[in-house]
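Here's a two-chain model to walk through, with the sequence alongside. Let's take it piece by piece.

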Amino acid sequence: MTDPLARYESLVDDPDAFYAACERPLPSVVRVNTIRTTAERARRALDEAGVAYEPVDWHPGLLRLPDGSPGRTWPYYHGWLHGQEEVSALPALALDPQPGERVFDAAAAPGSKATQLAALMDDRGTLVANDSSLGRLSALRHNAERLGVTNVVVTNQDARNFSFLPLGGEEPFGRFDRSLVDAPCSCEGTVRKNPDVRDEWNEEHVRSVVGIQKGILRRAIQGTRPGGQVVYATCTFAPEENEAVLDYALSEEDCRLVESTLPVETRPGVTEWQGETYDDSVRLAHRVYPHLNDTGGFFCATLAVGGERDGEGDETEGASEGDEAPDDATAKGEVAS
Amino acid sequence: MTDDGPDADGAEGTDDGPDADGAEGTDDGPDADGSDTDPTPTNDGQVFDRLPETAADRVVPGRPTRAEVVDWFDDRFGIGPSVFEGYSFWEKGAGKLWAFAGDLPVDQVDVEGVGLTVLRTRQEHWKPTTSAALRFGEHATRNTIALTPEEATTFARGEDQPIERWDGDWGYLIAVQELAGGPVPLGVGLYLYGELRSVVPKGSREDLEPLASR
């Protein structure tokens, strides 16, 4: 049986540190729900409830709880906290949604990132949180209710064929300003939380999930207006599921990789893997290995849709003229099906 | 003073699932299967319908209006209309209302959720949800009951408790406790006959240590 971690040894600068970090359990981490309170007040509430915590140095709204589960605390009961691993907070920060925007979360359940997106939007604008699994959507709904999210529309679709029809149609609803594709993946990045992934991993699963990842990313790009952004994220180290998927999107859709700054130490995307080469721009993606920041593993890349990113060209927003984009026919065709 | 009526059991506990609504339609409005010859629109329990602004805009019989909902929160809890500025309200199932801060270009959508569940209507006593109390309760100026740390603990466990000191209205109250410099909503309680019944849904109950009195 292949140890998936050994598979990536050649990509890692310090394999010993990488393996050692993968063996260590992760601390319990909570994100402060800024829809309901502030980081400062949440810390005060934890103090009053007698719960130990350490702020995560790169983000004031993330707190490590050395004594374990956040569920049994008053601030959690009040909906001020949500259990969420540190690296899992990165894609929403990379997407940087703004209040009032239309935002899409293509594979949203169980909702950690979706509720974080809502908080970053100040619970204003429209967040469409989609997932193909009705069962997992139940968890998302529970989390959204508990945290007080009011700007979310929850949809149950296969994101590869996402249709705007339930939202009233692509016109007049409008395409999204920003989309997050937190894709289903082979998940070795979560090994510190769930060591079983090491045994359950197999190459066949990688091959089967790649098609889903490509389909979801492609449809998310089509559903995002020119000038908008799409963040692609996974918790796998597999280049097949990361850079290769980006390379596919670059060749099939009008989009390009752009620089994004993450508040943690990362490594660039890789351009070669097992005889395959990828577009040079995939270097702009971020690889997060567990030993770099003592976190889980992660992959995150930002794509700009259309020729220009907001702010790079003239002052006009791309929303109206973008409707003439060449891929429009394809998008509408899928909507109708 | 109200006598009784609001359902005090934890029926809300079933509200979490996206498809739990149908089972709760105990007080259906008009028949959803209204025949083709009937020109009166009826409430379709499977989709979300935007509430009309006012009674003059009402098409579906029995459907509450946005104005009635905003007035109700103002009358009952002093949560003013400005809190709901920009919000639309949607009905799914019989009388189950959701508050939505976003924008949808249509008045009916077939999705799994639109915003936050806030209120159960189409029954004699309208019942606010725990989610509504937690999200909007900080704006309440009346019919909120401040609990001691011990009482808050009992409440969060979902248990009923005698509280004799309340001399306000009976019915649904927003329970609060003091935390981190101010009152924080704990959920909805039903006050009847000297007793505060916790209606915290099963999935949200916690057995917690009382906060230290300060």
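Residues are numbered from 1 along each chain as its sequence is written, and chains are lettered from A and ligands numbered from 1 in the order in which they are written.

pLDDT is the predictor's confidence in each residue, from 0 to 100. Chain A averages 91, and 91% of its residues score at least 70. Watch out for residues 314–337 of chain A, though: pLDDT stays under 50 there. Where pLDDT is low, the predicted coordinates should not be read in detail.

Now for the interface. Count two residues as in contact if their C-beta atoms, placed from the backbone, lie within 7 Å; then 36 residues of chain A touch 34 residues of chain B. Among the elements of chain A that each bring at least two residues to this side are helix H3 (39–48), strand E6 (126–130) and helix H7 (134–147). Helices (H or I, at least four residues) and strands (E, at least two) are DSSP runs, numbered from the N terminus. H7(A) gives the largest share, 7 residues.

The chains also link up strand to strand, where two strands pair if DSSP finds at least two bridges between them. Strand E7 (152–155) of chain A is joined by 2 bridges to strand E5 (residues 113–114) of chain B, running antiparallel. Within that pairing, A:Val154 sits opposite B:Gly113.

Moving on to chain B, you'll find 3 helices and 12 strands. Six of the strands build an open antiparallel sheet, ordered E4-E1-E2-E3-E6-E7. Strand E4 (108–109) and strand E7 (127–128) of chain B are at its edges with a single partner strand each, so one side of each has no neighbour in the sheet. Inside the sheet, strand E2 (residues 88–92) and strand E3 (residues 96–100) of chain B pair antiparallel over 5 bridges, and B:Trp90 has B:Trp98 in E3(B) as its bridge partner.

Finally, the domains, whose bounds come from an automatic or database domain assignment. Chain B is given domain 1 (44–137) and domain 2 (143–204), with centres 24 Å apart, taken over C-alpha atoms. Their contact uses 9 residues from domain 1 of chain B and 11 from domain 2 of chain B. On the domain 1 side, H2(B) supplies the largest share, 3 residues.

Terms used. Predicted model: local features only at pLDDT ≥ 70, side-chain atom pairs only at ≥ 80, totals over all residues.
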